[in-house]
Amino acid sequence: MDLVVNIMLGIIVAATPLVFAAIGELVVEKSGVLNLGVEGMMIVGAIAGFSATIETGSFVIGILAAIVAGAAMAGLFALMTQALLANQVASGLALTLFGLGIAALWGQDYSGKSTGDFPRLHVPLLGDLPGLGKLLFSHDALVYASFALAAGVAWFFSRTRAGLIVRAIGENHDAAHAIGYPVALYRTLCLLFGGACAGLGGAYLSLVQTPLWVENMTAGRGWIALALVVFAAWKPWRAMLGAYLFGCITILQLHSQGFGVEIEPQLLAMLPYVATILVLVLISRDKTTANVKAPASLGKTFHASS
Amino acid sequence: MLRLETRKEPSRLMLYATPFVAVVLTMLAGVVLFAALGKDPAKAVWLIFFEPLTSLYSLSELIVKATPLVLIAVGLSLGFRAGIWNIGAEGQFTIGAAAGGAVALALYDVQGVWVLPAMCLAGTLGGMAWAAIPAFLRVRFNANEILVSLMLVYVAVLILGLLVHGPLRDPEGHNFPESRLFHDAATLPLLIEGTRAHVGALVALAVVAITWVLLQRHMIGFQIKVLGQAPHAASFAGFSRPRLVWFSFMVSGGLAGLAGLIEAAGPVGQLVPALPVGYGFTAIIVAFLGRLHPLGILLGGLLLALTYIGGEGAQIAMSLPSATTSVFQGMLLFFLLASDVLVNYNIRRVARGPAVAPVSEAEE
């Protein structure tokens, strides 16, 4: 029983950073922008959160710093793609390369330090239930926040006027512009939101998952988050489900040696990446539905005169 | 109030001038960065961009670093022109090195002039095989080639680790995860004695020349250009997109694999887990900096090689962190992409008023 509960807790911890990053990117892509810089925004969020926590001793300030840093990176991308109309794919790659570099530079003096354990919430009474209490009522606040984020985004797109406008801009930016919606403004706001989420996901890695700073610690999670958005067919709850599936795979990889399975560690480490590819293939296989689900203006540059 | 107006045709002047603008802006941003880090900015910029040009040894190192960058970037540029994004060159580089290196180790006792060509062939085929995965999944299953090729980078690096921990490990290496040093017959001959500059540089030059001719004179070069600039026209003309996906992945994968083998059989001389050092990603910057043109890529490759060598020099002389180089490279790509706006748009000053204001303005 304890083992099962521990495995479930491990899955939640592994999935939460992916939930943040994937939901953030989902909002960005819904508005018709493809930001391939998730990895860069996550790693900058990770070091910003970590260094701010070390310097101030406050996790709250650390998390705020990560959100601001992720949004600042996204702001750079918005400047490139919305104001200067640069190619989105290339700008996203630049954001990732730049983010990995700047985070490594920033993190020079922080390797080897630790922030200590991230506080967990403990709901009185309910949290003391055997098994279930630990599973449902004693996580850190960010786990609950990630659920709230998915619910909020789902509500935003299905129930609010602003959500409808964002969807319209993502489907056909020329038509949305003709009606009079400020396309670049909405997209910039979505990008900033996505960056903030990615930064938060990064901070979850460096503050909760492994309370340490390690260079390149995101290890491709930003790219996995991008794949999850495709897997989710741009639906928030499916993105959440996808993130938890990946959490399972990660934990499977960590625990399989404990179960006495004798496989080379490198082969196990390949699992999440191979699984991402398989998932992409399965989801994209049906060309017509895959193309219908993607926002029609995704990745296209918008310029009012054209 | 500034406003962008689409140019009728991209400005050729700006197309060739903006890379230089981007380099100058990167240096200026570097000055700010170093001042913020509390280092002497003038000295740092001098060490990174100019110092390496002052000695024969660092000039030869320039060639060593530029060779893989140019080889990979030329291949990538073909796909980028057509809007086909292979960003997993780092993985193809790694598998190419592993495949070619495995041939070198299998022929460890064999001397012969054909050993190196066999290794080059294996390296190229290795890279092509690795690139065939995203190409196949794109063409057959519509899977996003950006994500698949990138995921395969992580897998490739793990495969190299697996090989040097296991089957390719040096039997006399005290369990250290490294292969044997390649034999003389399996090591690239040097161009200049006393340096590390090797004949791989000539291969890179030949590839630049061949690609240039291909793009100018061959039908496939024309098809690639059309597919990138006018996808609808390309489909009306009956150019097959799957065929171009395969073509650009095979060329870029093969060249990346060859670059990997050249790195292993040249400056490194064996297979080590740390063989992939990011050339596959830096080559993306090289391709854009060179305007996806073979000659431009040659210059771009030399410039990025300069930042590597200068960056190392600055690290030692001024105790700068190693990440400085990648920050510089990232900034360079940003400034380049930002200055692209000058290529495609005219910037006009417009008076604020209802007659000329764009719709989004009128809404406010």
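1. pLDDT is the predictor's confidence in each residue, on a scale from 0 to 100. That score matters here, as this is a predicted model. Chain B averages a pLDDT of 86. In that chain, 96% of the residues score at least 70.

2. One stretch of chain B needs a caution. Over residues 354–364 of chain B, pLDDT stays under 50. The model still has 13 contacts beyond four places in sequence for this stretch. Where pLDDT is low, the predicted coordinates should not be read in detail.

3. On the complex as a whole, the predictor gives an ipTM of 0.86. The pTM is 0.88.

4. Chain A has 13 helices and 0 strands. Its pattern along the sequence is α-α-α-α-α-α-α-α-α-α-α-α-α. The radius of gyration of chain A is 19 Å, close to the 19 Å that the globule rule gives for 306 residues, so chain A is as compact as a globular protein of that length.

5. Some further figures for chain A. The C-alpha trace of chain A spans about 60 × 45 × 45 Å along its principal axes. Of its 306 residues, 51% count as buried. Take the contacts in chain A with a separation of 6 or more: residues 24 or more positions apart account for 79% of them.

6. Next, the contact between the chains. Chain A puts in 46 residues and chain B puts in 41 residues. On the side of chain A that touches chain B, four helices each supply at least two residues: helix 4 (88–107), helix 10 (221–231), helix 12 (265–284) and helix 13 (287–293). Helix 4 of chain A gives the most to this side, with 12 residues. By class, the side of chain A that touches chain B has 30 nonpolar, 13 polar and 3 charged residues.

7. Which residues touch the most other members of the largest nonpolar core? They are Ala22(A), Ile23(A), Leu228(A) and Ile72(B), in a core of 222 residues. Helix 6 of chain B (residues 145–165) gives the most to this core, with 16 residues.

8. What is Ile72(B) in contact with, leaving aside its neighbours within four places in sequence? Its partners are Ala89(B), Phe93(B), Leu255(B), Ala256(B), Ala259(B), Tyr279(B), Gly280(B) and Ala283(B). Ile72(B) is also one of the residues that touch the most other members of the largest nonpolar core.

Notes: Residues numbered from 1 in each chain as written. Chains lettered and ligands numbered in written order. Predicted model: local features only at pLDDT ≥ 70, side-chain atom pairs only at ≥ 80, totals over all residues. Core = buried A, V, L, I, M, F, W, Y, C linked by C-beta atoms within 7 Å. Buried ≥ 20, exposed ≤ 12 C-beta atoms within 10 Å, placed from the backbone. Contact = placed C-beta atoms within 7 Å. Nonpolar A, V, L, I, M, F, W, Y, C, P; charged D, E, K, R; others polar. Rg over C-alpha atoms; globule rule 2.2 N^0.38 Å.
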